[in-house]
Amino acid sequence: MTLLFNLVFVAYLAALVVSVVSLCTRRRAVELPALGLLVAGAVLQAAYMAVRWHAAGRAPFSNMFESLVLFSWAIVAVYLVVRVRIKLPVVGAAATLLAVLALAYASAFGSDIKPLMPALQSNWLSVHVFTCFLGYAGFAVSFIGAIAYLVASREGSQSRSETADALDVMVEKTIAFGFLFLTVGIITGAVWANSAWGSYWTWDPKETWSLITWFIYAVYLHCRFMRGWRGRRAAWIAVAGFASVLFTYVGVNFLLPGLHSYALLAGPSHAGPWAA
Amino acid sequence: MTDGRDPASPVQTGRSGKAPLGRLIALLASVSFASSVVAALAVACVIGTLLPQGEEVARYLRKNPGGMARMERLDFLGLTHVFSCWWFLALLGLLALSLTICTFRRGRAALKSKGRARGRAIGSMLTHISLLLVLAGGVMRGVFGERGQMPLHEGDTKAEFVEDGTTVALPFSIHLVKFELEVHSESPAVERKARIIDERLLVKQPETGRQWKLSSKVGTEKRLKLKGGAAGATGPIELRVVRKVADFVVDTRGVANRSDEPRNPALLVETVAGGVTNQQWLFAFHPDFNMHGADGAASVLDFRYEVKVDDPGKPQVKDYKSTLQVLDGTNVVVAKTIEVNAPLRYGGYTFYQSGFNPQDLKWTSLQVVRDPGVPVVYAGFLFMIIGLAAVFYLYPQAPPGRPRRSNTSEVE
Ligand code: HEM
């Protein structure tokens, strides 16, 4: 299984190198191999998750390691779908970079399959984590698009405005996708909490931050659809939204407890997958 | 770029005329007002996760008695219980008001429009109504909800539970037939030893709430400069970590380390204060045994040795179950074995397996919940998913090429 994991890593890394080379040399010819490597990596990673699922006898979405693996896979998957519509090599390279970073970060956590504490033995949990990370991946790709847009639309930039417009639309589409899945993710999380603890919402930091993220993107959707925000202003909300995603995912676990000096003893209050 | 206010936005122009009430309603239903309320809620949520809330406040004060005045000020502003304070509830109220008005104002137009625009308008209406349902369910939980604990011993029958220290009667009784605990026998990591993954030495001056976080490495030295009160007499305190053992025992030769595993981690700390030298052991798992001296440093400072242990060999709880019977008088009306994630529902109440007593496995602990808002909230959840799917995927905005906002004007 470790072999498979390493293969995925190598495939993504190779895809990254090839796409960076293609970007720097502006040689379109190498773009296809980069894409091939990315697809191969994604297929291998799906296989890895399937094998892990089989070995553990449960969906492999229950701790930091597993969720990061899922995250990197979902980023690649979302990018591959987006690529059908717009083919911008920079976006591909950036998405591959994020996937590689997520996998590298995953390997900082133990990959042993550990037994789950009773509260985590729930199908709601698997659906919850899966949908959340699909949503996060949508936001990750929207973030890439927003940054690319901000660069492309700088004053004096050489980029054609078609490119900027395409990016603008891509950000919107990926946010809509991310928003739908984040919504499903928050809802399944609430249903799971209610079935395990008898409360669908307790305002714990993890929940609250997922709601903050949701609010930010709700504001984006209204500003964009109803008030016609386009361009840089909308792109900045997309950047803020992804910052909130990262804080919800990682910051809440590692930064917030530090604010309270008793954190070491008290442990995380969110008895979610992160507590295991 | 078409940045900026959209002149065609129907909400901005409104159709309620110039009457003050009409203008207020137009404001409440405007997208910019709604976005501001949502943004304000987001900011409130950030505050609520950064400041200690509820029970955390008591813990914070125990650690920082000097922080009392600050906490009182925060409490006055509602900042120690953001999610239940008046201004947060008022923001939620504004959100609900705004949602209600905009749903009514646009409802008719939405139903009259045609084709894709109609689907989209209904989808967005459904999304907004779903939020109202979730909020309404939350209100029902607040007003009619009950929540408490019910500890039960095997063989016990009870018709009451405890909510915030008061006993609440149930219209039926619950009988615990038996409690079972299962542990994972084949823990794959048993050969790996327990180890300390994080540790530190905390020193606190209770009088002022000042706190030092120090390394717990042997040899660590620190000169602590105290301020204020009785500490003034003591002057600076020299502190040194002298010795550390993972598994503290006292045998014939004095203090010894029974094993390499952190079963009873302890730290020997030496302090020199005002010419008085003191040595004291700090026990990570038994802070109550930390010595509190009448003289020297221990009289003005609290010491704490904190460790976090990773123990893969510890038997892991796989599941725990309680076999319950619901009794109406003496008749058994329902029997069910509950476990985490599989509660028992009866008569509007739900009984969750919430805990057990590791010292006495004849005891179970149930969480008792009555929340008539849940079906309303769940209906909201369902509508929200359908509504969003409709807006984004079933009736997406006009394909590129046509002016992008054309369908919103159709709504109006
Ligand atoms: C925070 C939670 C909210 C969410 C998730 C949400 C979601 C949505 C969605 C998905 C749309 C559809 C966008 C489109 O048609 O392109 C929309 C439109 C709209 N929203 Fe919200 N909304 C929220 C809060 C509000 C509030 C509080 C108001 C109060 C005024 C509001 C007013 C509107 C209006 C006027 C529209 C256009 C409606 C239409 O075309 O029928 N929204 N909202």
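**Reading salt bridges, strands and surfaces**

Mentor: Let us start with a pair of side chains: A:E172 and A:K173 meet in a salt bridge, with 3.9 Å from N to O. Keep in mind that this is a predicted model.

Trainee: What is the general idea behind such a pair?

Mentor: Side chains of opposite charge can pair when their charged atoms come close. Here, a search of the whole structure finds 14 salt bridges over all chains.

Trainee: Which residue does A:R224 meet in a salt bridge?

Mentor: The partner of A:R224 is A:E172, at 2.7 Å from N to O. A:R224 sits in helix 7 of chain A and A:E172 in helix 6 (residues 161–197) of chain A, so this pair ties together parts that are 52 residues apart in sequence.

Trainee: Are A:E172 and A:R224 buried or exposed?

Mentor: A residue counts as buried under 20% relative accessible area. A:E172 is buried because its relative accessible area is 3%, and A:R224 is buried because its value is 1%. A:K173, with a relative accessible area of 40%, is partly exposed.

Trainee: Which residues are linked in the network of salt bridges?

Mentor: The network links A:D168, A:E172, A:K173 and A:R224. For a case in chain B, look at B:E261 and B:R263: their closest N and O atoms are 4.0 Å apart, and they form a salt bridge. B:E261 is partly exposed, with a relative accessible area of 21%, and B:R263 is also partly exposed, at 48%.

Trainee: Now to the strands. How should I think about a sheet?

Mentor: Strands of a sheet pair through backbone hydrogen bonds, either parallel or antiparallel. In chain B, four strands form an open sheet in the order 6-7-10-11, with antiparallel pairing. Its edge strands are strand 6 (221–224) and strand 11 of chain B, each of which pairs on one side only. On average, neighbouring strands of this sheet are turned by 25 degrees against each other, ignoring direction.

Trainee: How many bridges join strand 10 of chain B to strand 11 of chain B?

Mentor: Eight bridges join strand 10 (residues 266–273) of chain B to strand 11 (residues 276–283) of chain B, and the two run antiparallel.

Trainee: Where else can I look for a hairpin?

Mentor: Strand 13 of chain B and strand 14 of chain B form a hairpin with two residues between them, and B:G329 in the turn has a positive phi of about 65 degrees. Eight bridges join these antiparallel strands, and B:T323 stands opposite B:T337 in strand 14 of chain B. Strand 13 (residues 317–328) of chain B also pairs with strand 3 (residues 166–183) of chain B, in the antiparallel sense over ten bridges. There, B:F179 has B:S322 of strand 13 of chain B as its bridge partner.

Trainee: What should I look for on the surface?

Mentor: Look for nonpolar side chains: B:L21, B:L24 and B:L27 form a nonpolar patch with about 290 Å² of accessible area together. B:L27 belongs to helix 2 (residues 20–28) of chain B, and it counts as partly exposed because its relative accessibility is 44%.

Trainee: Finally, which domains is chain B divided into?

Mentor: Chain B is divided into domain 1 (20–50 + 85–145 + 374–394), domain 2 (148–187 + 316–370) and domain 3 (195–310). The centres of domain 1 of chain B and domain 3 of chain B, taken over C-alpha atoms, are separated by 54 Å.

Definitions and conventions. Residues are numbered from 1 along each chain as its sequence is written. Chains are lettered from A and ligands numbered from 1 in the order in which they are written. This is a predicted model: local features need pLDDT of at least 70, side-chain atom pairs count only at pLDDT 80 or more; totals for chains, interfaces and linings use all residues. Side-chain values use heavy atoms; hydrogens and water are left out. Two strands pair if DSSP finds at least two bridges between them. Domain bounds come from an automatic or database domain assignment. Patches are made of residues with over 30% relative accessible area and no salt bridge: like charges are joined within 9 Å, nonpolar side chains (Val, Leu, Ile, Met, Phe, Trp, Tyr) within 5 Å. Accessible areas come from the Shrake-Rupley method with a 1.4 Å probe; for residues, only the protein chains shown count as cover. Buried means under 20% relative accessible area, exposed over 50%, partly exposed in between (1.4 Å probe, protein chains only). Axes are lines fitted to C-alpha atoms, for helices over the stretch in contact, and angles run from 0 to 180 degrees between N-to-C directions.
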